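Biologist: I would like to go through this model with you term by term, so that each label is set against the rule behind it. Shall we begin once the structure is in view?

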Amino acid sequence: MLHKAYETIGNAIKEQTGLPDAQLIDGGEHADLASTVAFSLAKEKKQAPVKIAQDLALELAKNPQLAGITVEAKGPYINFILGKEFVSEAVKAAVQPGYGTLPRKPTRVVLEHTSANPNGPLHVGHIRNSIIGDTLARAFRKAGYPLEVQYYVNDMGRQIAIVVWGFDNLDSTQLPGEKEDAHIARVYIAANREIERDPGITQQVNTLMQLVENGDPATVKKFRREVSRCLDGFKVTMKNLNVAHDRFVWESDFIRNGYTERIINRIRKLPQAVDDETLALDLSGCGFENKYVIRRSDGTSVYAARDLAFHVWKAANFDRMIDVLGADHKLIGSQLQCTLRLLGERAPEIVTFEFVSLPEGSMSTRAGKFVSADDLITEITKRALNEVTTRRPELDEETRHSIAKSVGLAAIRYDIVKVSPEKSTVFDWKEALDFERQSGPYIQYAHARACSLLEKAGIFTECYDLETEQEIRLAKQIAKFPVVIDKVIAELRPHILATYARELADTFNTFYHFEPVLKSEGNIRDRRLTLVRAAQNTLKESLETLGIDAISSM
């Protein structure tokens, strides 16, 4: 319904002003929607924005298309307050299954996220990528886009060569009960310590990299085996985080299928190419000082060459490409975009996120200094179980464990996605596990409260004629959900949805505090229960789009 209101108001403003953009924004505390169009007209009309806003508001108020909408000027802004008909229609829509799902789109989207090097367990830093990416994927599907989520497997880099060297030369026996990715990390850390003691090992690592690129069967088999084992460990972790990929794309495939060689040949022909001992690109025209190396002096391609081949393949198969990358890949991502444009290819949109660090400093798999995602999940679930047991001691053990698992997942996913990607965060165990604050479990509890009210109410007749300030305020918050989904997709900022879900929980809890529901009678009881059902459904859809379980009991 809010989509329809945006369209109706926007068209009326454009018809009145002749401008192509109605410049509609959220109205904040004063209105449901507002327009800043008076600022754009000030220079043309040579009038103050306040005067323009007043005149436009008077004309728009006469427009029959805006019947039922209050139009008024507030300083230089034109405010729009939606009437009861809008509120009723919004609640009718919100009680329907799948509320917020937008019409099917033709645009094929590919979203790449996580793509961590398979040299050790996913840690707290990695899973910020996973959770941002997975939440965006859920939002794209909610918005009606055909989507494929990919994990780009780095199975040729130096780090993997170090892992393979470690398995060939060190005691690499897997310990009892040791998870595959933890086993890989232990060998990788030990191999790096050996290289620090004996730099001559570096040449052996280089030889492995040359052999794998040249397709030596025995070496390829070793690389593939250890990478596959690490990925098996990753998949367990990601399943526990409610994160899924549709396809794992292997970097080495772009050597074997000839894509990388074709890209290198195309790059050689660019005027920016510098083909000495190495092949590189002069990207100073894009503002980069250092050359962008494509091929080493020993003839082997670097990661950038295979990455370019991967993106050319993606561009040929999808209409829109999105990569989720850490801040340490910001330069690499920008160079990739620049090079693709020089080649006449489409470049991906890149969502760059800042790091998650420990209070003691940044995390490093090579140095063995990280909090693994597995440890994080285990610890949070244990603490969640203690909290659930304290709150609901009458529940059987299986039910308490089930609730604790969902609450723990909510604590992790929400705590990570609530922060806008461009802001760095310091992971704090105490803050992440504080179930009393406005967090993922807080939103889950609002949903559980709504479920409890509906269960206690039994059968009632749906009624959409809302009256009180708190009823209408909650209905209008519910109506924003489809527009929020659109905004997440347009801006590629999933924290917008996290903020909305918390605000919806706040608004529902305020409504519950001020307006009796079960103790009301007649139409008042029916309309409030209808509103509770709409809130419950919207909270459910919001939580599930955030990758969080919408549990009915806590």
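Predicted model: local features only at pLDDT ≥ 70, side-chain atom pairs only at ≥ 80, totals over all residues.

Biologist: How many disulfides does a search of the whole structure find?

Modeller: A search of the whole structure finds one disulfide, a term that stands for a pair of cysteine sulfur atoms within 2.5 Å. Residues are numbered from 1 along each chain as its sequence is written, and side-chain values use heavy atoms, with hydrogens and water left out.

Biologist: What makes the link of Cys286 and Cys338 a disulfide, and what is its handedness?

Modeller: The S to S distance between Cys286 and Cys338 is 2.0 Å, and the cut-off is 2.5 Å, so the pair meets the definition. A disulfide is a covalent bond between the sulfur atoms of two cysteines. The angle about the S-S bond is 70 degrees, and the link of Cys286 and Cys338 is right-handed. Helices (H or I, at least four residues) and strands (E, at least two) are DSSP runs, numbered from the N terminus.

Biologist: Why is Cys338 called buried, and why is Cys286 called partly exposed?

Modeller: Buried means under 20% relative accessible area, exposed means over 50%, and partly exposed is in between, with a 1.4 Å probe and protein chains only. Cys338 has a relative accessible area of 4% and therefore counts as buried, whereas Cys286, at 42%, counts as partly exposed. By that rule Cys451, at 15%, is buried, and Cys463, at 12%, is buried as well.

Biologist: What makes the five-stranded sheet an open one, and which strands stand at its edges?

Modeller: Five strands form the open sheet in the order E7-E6-E5-E11-E12, with parallel pairing. Strand E7 (247–250) and strand E12 (349–353) stand at the edges, each with a single partner strand, so one side of each is left without a neighbour in the sheet. Neighbouring strands of this sheet are turned by 25 degrees against each other on average, direction ignored; axes are lines fitted to C-alpha atoms, for helices over the stretch in contact, and angles run from 0 to 180 degrees between N-to-C directions.

Biologist: How do you know that strand E6 is paired with E7?

Modeller: Two strands pair if DSSP finds at least two bridges between them, and four bridges join E6 (residues 147–153) to E7, which run parallel. Gln150 stands opposite Arg247 in E7. Helix H9 (residues 217–240) packs on the sheet, touching E6 and E7, and its direction makes about 155 degrees with that of E7.

Biologist: What makes helix H18 mostly covered, and against which elements do its buried residues pack?

Modeller: In H18 (residues 469–479), nine of the eleven residues are buried, among them Ile472, Leu474 and Ile478. These buried residues pack against elements including helix H1 (2–17), strand E4 (77–82) and helix H21 (522–545), where contact means heavy atoms within 4.5 Å.

Biologist: Why is Glu541 called buried, and which residues is it in contact with?

Modeller: Glu541, which lies in helix H21, has a relative accessible area of 8% and so counts as buried. Leaving aside its neighbours within four places in sequence, Glu541 is in contact with Gly98, Tyr99, Lys142 and Phe481.
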